[in-house]
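This briefing goes through one protein model by topic. Please keep the sequence and the 3D view open while reading.

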Amino acid sequence: MSDDVMTPPHALVSGASIAGLSAAYWLRRTGWEVTVIERAPAFRDGGQNVDVRGVAREVLKRMGLFDAVKALNTTETGAVFVDGRGRVTAELPAGPEGATAELEILRGDFARAILDHLPTGVEIVYGDTITGTTEDDGSVTVTTASGRVLRADLLVVAEGVRSATRDRIFGELVDRRPLGVNMVFGTIPRTAGDDDRWRWYSTVGGRQVHLRPDNHGTTRAILSYPRDEDLASLDRDQALARVRARYAGAGWEAARVLDGFDASEDVYVDHLTQIRMPTWHRGRVCLVGDAAWCVTPMGGGGASLALTSGYVLAAYLSSTTTGPEAGTDTEAALAAYERWMRPLVDSVQKLPPGVVRAAYPRTRLGLALRITVVKALTSRLLAPLAERFTHVAGTDRPLPPIA
């Protein structure tokens, strides 16, 4: 081999999330060698609804996955508020960018669609996690829990909101902003009374119950309420016991959901926390998805931002070389990636003042006022205004080109 034949750069991606798989897909497409490390022992199916909105729809088309993702639709046709008897009290806007998007898909189905279409040559290592990193000579060396030592030109951290690797490397730059809301997600058996709509029930104390159809013959459920206690810090049994006590007498389908969660193998507990950081890269390490900017379900669009971040990162890195100027080129590319993504993230993270209290009314008067406001916003006169709240990850800027 001649001396002027260049070795392809190597990227190590930590986390087989939507963001991590998107980064792996696009980096490989642009000539990188890619290794993905995932702490789970196998690919993680399951999860709740996510959607593809705004500029992420174009990214999906460029991946050739638009039709595949659309075919995996959850079957949800709309979203309604219901009372304690299940009667509809208000209906949220429908349409491609409505509360139920055109591309409405389960997180696990979405991630698997990307996984199944990864370019040849992406290596995925399951059941391992990063325990240490060092940088020298324009590269990053990673050690893992299993004893692997891996050297790469770039480390992409896609480990989610509670990323340990991010915390070790960025330390004091990680600004956690709890929203004071607990959410418990799970899959429960479908019953004859379930339909093809997202049904949203609220009762006193800010307690919410959500039921959503899926395309697997089951129902996806959410219990959500405002509370400063961090359920995510507890083990599953402790968390579910706290939630059961909290939902005593809540009404509607609350008891069914609690019983379903006790038997479900697909339960996830979260204390909603935004991640805000002044920079998403340091040396040869960069962050994508929730590890960089978790917007939480309150902001929405997390999956769309995750998918887009992988493309934008690879686009700006697509002209990076491995020669003497590689360090400078990579740093400039990571800075350009940040500049392009930052406006999209900022537009979603800036929640309106009082949004948590408005979303979680605690008294019967507050509940009645919320329904009145929702009915007004979804009227023919104000519907265009209401639709703005579901338009996320949108931009007039063209996506950066792949070199």
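Helices (H or I, at least four residues) and strands (E, at least two) are DSSP runs, numbered from the N terminus. Two strands pair if DSSP finds at least two bridges between them. The model is predicted: local features need pLDDT of at least 70, side-chain atom pairs count only at pLDDT 80 or more, and totals for chains, interfaces and linings use all residues. Residues are numbered from 1 along each chain as its sequence is written, and side-chain values use heavy atoms, with hydrogens and water left out.

- Strand β15 covers residues 218-226 and is joined to β14 by six bridges, the two strands running antiparallel.
- β14 also runs antiparallel to β13, with five bridges between them.
- The hairpin of β13 and β14 has three residues between the strands, and Gly205 there takes a positive phi near 85°.
- His210 of β14 is the bridge partner of Trp200, and in β15 the bridge partner of His210 is Ile222.
- β14 (residues 207-213) is mostly covered, with seven of its seven residues buried (under 20% relative accessible area; exposed is over 50% and partly exposed in between, with a 1.4 Å probe and protein chains only).
- Both faces of β14 are covered: Arg207, Val209, Leu211 and Pro213 are buried on one side, and Gln208, His210 and Arg212 on the other.

**The sheet of β8, β9 and β10**

- Three strands make an open sheet in the order β8-β9-β10, with antiparallel pairing.
- The edges are β8 (130-136) and β10 (149-152), each of which pairs on one side only.
- From one strand to the next, the twist averages 20°.
- Strand β9 (residues 139-144) and β10 run antiparallel and are joined by four bridges.
- Opposite Thr143 stands Val149 in β10.

**Salt bridges**

- The whole structure contains 27 salt bridges (a side-chain nitrogen of Lys or Arg within 4 Å of a carboxyl oxygen of Asp or Glu).
- Asp194 forms a salt bridge with Arg199, with the closest N and O atoms 2.7 Å apart.
- Arg199 is buried, at a relative accessible area of 8%, and Asp194 is buried at 8% relative accessibility.
- Asp194 also forms a salt bridge with Arg256, where the closest N and O atoms are 2.7 Å apart.
- Arg256 lies in helix α7 (residues 254-263) and Asp194 in the loop between β12 (175-189) and β13 (197-203), so this pair ties together parts that are 62 residues apart in sequence.
- Asp195 and Arg197 meet through their side chains in a salt bridge of 2.7 Å, N to O.
- Asp195 is partly exposed, with a relative accessible area of 22%, and Arg197 is partly exposed at 27% relative accessibility.
- Through shared partners, salt bridges join Asp194, Asp195, Arg197, Arg199, Glu253 and Arg256 into one network.

**Helix packing and burial**

- Helix α1 (residues 18-29) and helix α10 (residues 302-317) have axes that come within 8 Å and cross at roughly 30°; axes are lines fitted to C-alpha atoms, for helices over the stretch in contact, and angles run from 0 to 180 degrees between N-to-C directions.
- That crossing makes α1 roughly parallel to α10 (angles under 35 degrees count as roughly parallel, over 145 as roughly antiparallel, 65 to 115 as roughly perpendicular and the rest as oblique).
- The contact (heavy atoms within 4.5 Å) is made by Ile18, Ala19, Ser22, Ala23, Trp26 and Leu27 of α1 and by residues of α10 including Ala303, Ala306, Leu307 and Tyr311.
- Helix α4 (residues 107-115) is mostly covered, and seven of its nine residues are buried.
- The buried residues of α4 are Gly108, Asp109, Phe110, Ala111, Ala113, Ile114 and Leu115.

- Trp252, in the loop between α6 (236-246) and α7, has a positive phi near 45°.
- Trp252 counts as buried at 18% relative accessibility.
- Thr296 has a positive phi near 65° and is placed in helix α9 (residues 296-299).
- Thr296 counts as buried at 7% relative accessibility.
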